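Here are some notes to go with the structure, written for someone new to this. Have the 3D view open and find each spot as you read.

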Amino acid sequence: MQDACARDITYLRLSVTDLCDLRCRYCMPAEGVCKRPHSEICSVEELVEITRQTVALGVRKVRLTGGEPLVRRGILEICRGIAALEGVDELCLTTNGTALSRMARPLREVGVTRLNVSLDTLRPDRYAYITRGGRLEEVFQGLKAVAEAGFSKTKLNVVLMKGFNDGEIPDFIDLSCRYPIEVRFIELMPIGEGKNGPFLPADAVLEAHPGLLPLEGSGVARRYRSPGGRGTVGLIEPMSHQFCDRCDRIRVTADGKLKPCLHSDQEIPLRGLTGEALREAIRKGIAAKPPRHHMAETGRSDATRNMNQIGG
């Protein structure tokens, strides 16, 4: 299905929880978030049904997000149900990686095709700081388990922060040289806890490593490769190189609200709807997708929730 700007909407980002086992400083408040009653969060069946109806309207790629999706009770059941839907070509999951040492193989077995792992630093002390207590070794163990489980095309999501991890850009690029992964540098967005964060444009990556060779883009990412490298480098630039004209996604929050745009305050309720009524609500959400966000002009997102409440 196309939106009002003739963009084909083929990608659903489905949040399964707003909870997380970490407290990343640009994403969640230090005290975390209150655990909501189960009745306020979509059930396994509701999440699968919502996905079924988006697929009926043309969605082909589904990404499960959070919070941290692997803390969600029933996450394997959710994955299994969505992977079984006819028309789902790709089922991906974004995770902080702390549970992958025990979850990578089960995720592979229930039909998850690809993983993105959020990792903003390769230094244990910095990792403990930015996550408010996380252990970097758990993520490294998880990445090893991902490879052993047979996942390919794994991506590392690195949020760029000036004065924090800009000095580690060469180290992350070196990972893309040594391993068949894509390291994706993502510009920090002025949303929720990150609204006053230390912004660094993604062009800093090219300045730090001018020898990167351009490749064909993938989705909204500009892509590069180091000469002789086994993997690739991606740049996600919502602030400095706006890609709204190529956006093919919609989002659904864990409490069942369709967001046509991450940075819009629009939310269309989906819970309690089934069949044609649910499809019509999804059509309404797709039609409401705005042409672009205005963060470059206003310096802020219009979203009224933190990233963990929307789906990263």
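1. Start with how α1 and α8 meet. α1 passes α8 in a right-handed crossing. Keep in mind that this is a predicted model, so treat every value here as computed from it.

2. Now for the geometry of that pair. Helix α1 covers residues 44-56 and helix α8 covers residues 275-287. They pack at an angle of about 65°, and their axes are 9 Å apart. That makes α1 roughly perpendicular to α8, because angles of 65 to 115 degrees fall in that class.

3. Which residues of α1 and α8 meet? On the α1 side, look for E49, I50, Q53, T54 and A56. Across from them, in α8, are G275, L278, R279 and I282. Sorted by class, the residues of this contact come out as 4 nonpolar, 3 polar and 2 charged.

4. Next, compare the pair α3 and α5. Helix α3 (residues 100-109) packs with α5 at an angle of about 20°, and the axes are 7 Å apart. α3 and α5 are therefore roughly parallel to each other, since the angle is under 35 degrees. Their crossing is right-handed.

5. Zoom in on that second contact. From α3 it takes L100, S101, A104 and R105, and from α5 it takes Q141, G142, A145, V146 and E148. The class count for α3 with α5 is 4 nonpolar, 3 polar and 2 charged.

6. Is E77 buried, exposed or partly exposed? With a relative accessibility of 44%, E77 counts as partly exposed. If you set aside its neighbours within four places in sequence, E77 is in contact with V44 and E45.

7. A6 has a phi near 65°, which is positive even though A6 is a residue other than glycine. A6 lies in the segment before β1 (11-15) and is partly exposed, at a relative accessible area of 49%. R132 also has a positive phi, of about 60°, and is not a glycine. You'll find R132 in the loop between α4 (124-130) and α5 (136-148), and at 30% relative accessibility R132 counts as partly exposed.

8. Last, a peptide bond to look at. The bond from G66 to G67 is cis, with omega near 20°. G67 is in the loop between β2 (61-65) and α2 (75-83).

Conventions. Residues numbered from 1 in each chain as written. Predicted model: local features only at pLDDT ≥ 70, side-chain atom pairs only at ≥ 80, totals over all residues. Heavy atoms only, no water. Axes fitted to C-alpha atoms, helices over the stretch in contact; angles between N-to-C directions. Helix = DSSP H or I, 4+ residues; strand = E, 2+ residues; numbered from the N terminus. Parallel < 35°, antiparallel > 145°, perpendicular 65-115°, else oblique. Left-handed = near helix turned anticlockwise from the far one by under 90°. Contact = heavy atoms within 4.5 Å. Nonpolar A, V, L, I, M, F, W, Y, C, P; charged D, E, K, R; others polar. Buried < 20%, exposed > 50% of the residue type's maximum accessible area, 1.4 Å probe, protein only.
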